[in-house]
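Opening the notebook on a new model today.

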Amino acid sequence: MSTMNLRLAAALVTALVATGGCAASTQEGTDATTSPNPASTTPAASTTPGPTASESPSPGAGGTLPADIRTRPEVAAAIADTAQRAQVDPDQVLVAAWSPVTWNDGSLGCPQKGMDYTQALVDGELLMLRVEQALFQYHSARGGPFTYCAAPDASYTVTG
């Protein structure tokens, strides 16, 4: 794991510890709250640090969350997807972290068995959503839609 990825992980864990009691009353989003499907949240939750968010933008993967993060169409779509997976209202989904990243290949940090990917760097974004203690991780290429990643890997560099 690169030094930048270790710093990211440490920052996310610190954010989780510092704001652990704040998430239930916020409007920013992440993972599932009520009866999440363990198969869809366990891998992301076990491989990714679990930050929480607060009503004011909190440090995310790349620093402060953009003020308009929830209104971006691609983020709103990811929030709606998380709400459906978690069987909660979208207002219960918190934005735990967001960062511009450079993915190491065309898998965008979420390789699927049996698939071939371009072996070129891809500029993109990492979005982590949370509902209570469950995390949902979404990846995208720059300007593209976010895709849910149940089994993320650490094949990226934080660029922001």
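My entries follow in the order I looked things up.

**Ground rules.** I am working on a predicted model, where local features need pLDDT of at least 70, side-chain atom pairs count only at pLDDT 80 or more, and totals for chains, interfaces and linings use all residues. Residues are numbered from 1 along each chain as its sequence is written, and side-chain values use heavy atoms, with hydrogens and water left out.

**Confidence.** I checked pLDDT, the predictor's confidence in each residue from 0 to 100. The mean for the protein chain is 72, and 61% of its residues reach 70 or more. Residues 1–62 have pLDDT below 50, yet beyond near neighbours in sequence this stretch has 153 contacts in the model; I take a contact as heavy atoms within 4.5 Å.

**Layout.** I count three helices and seven strands in the protein chain. Helices (H or I, at least four residues) and strands (E, at least two) are DSSP runs, numbered from the N terminus. The order from the N terminus is α-α-β-β-α-β-β-β-β-β. Of the contacts with a separation of 6 or more, 73% come from residues 24 or more positions apart.

**Surface.** The protein chain has 160 residues, and 47% of them are buried. For me buried means under 20% relative accessible area, exposed over 50%, and partly exposed in between (1.4 Å probe, protein chains only). The chain exposes about 7,600 Å², with carbon and sulfur atoms supplying 57% of it; the areas come from the Shrake-Rupley method with a 1.4 Å probe, and for residues only the protein chains shown count as cover.

**Helix α3.** Does the span of α3 agree or disagree with its length? It agrees: the 14 residues (73–86) should span 20 Å at 1.5 Å a residue, and the end C-alpha atoms are 20 Å apart. The expected span is 1.5 Å times one less than the number of residues.

I then listed its buried residues: Val75, Ala78, Ile79, Thr82, Ala83 and Ala86. Down the axis of α3 these fall within an arc of 140 degrees, so they line one face of the helix; the arc is that of the directions from the helix axis to the C-beta atoms. They pack against β3 (94–103), β4 (122–131) and β5 (134–141). On the other side, Pro73 and Gln84 are exposed, Pro73 at 64% relative accessibility. Just after α3, Gln87 has a positive phi of about 60 degrees.

**Ser140.** I found Ser140 in strand β5; at 0% relative accessibility it counts as buried. Leaving out residues up to four places away in sequence, Ser140 touches Trp103, Leu108, Gly124, Glu125, Pro145 and Phe146.

**Rings.** Rings of Phe, Tyr and Trp (its six-membered ring) pair if their centres lie within 6.5 Å; planes under 30 degrees apart are stacked, over 60 edge-to-face, the rest tilted. I get three aromatic pairs by this rule. Trp103 and Tyr156 are edge-to-face, 5.3 Å centre to centre with 70 degrees between the planes. That pair links distant parts of the chain, Trp103 in β3 and Tyr156 in β7 (residues 156–158), 53 residues apart. Both Trp103 and Tyr156 are buried. Ring pairs also link Phe136, Tyr138 and Tyr148 into a cluster.
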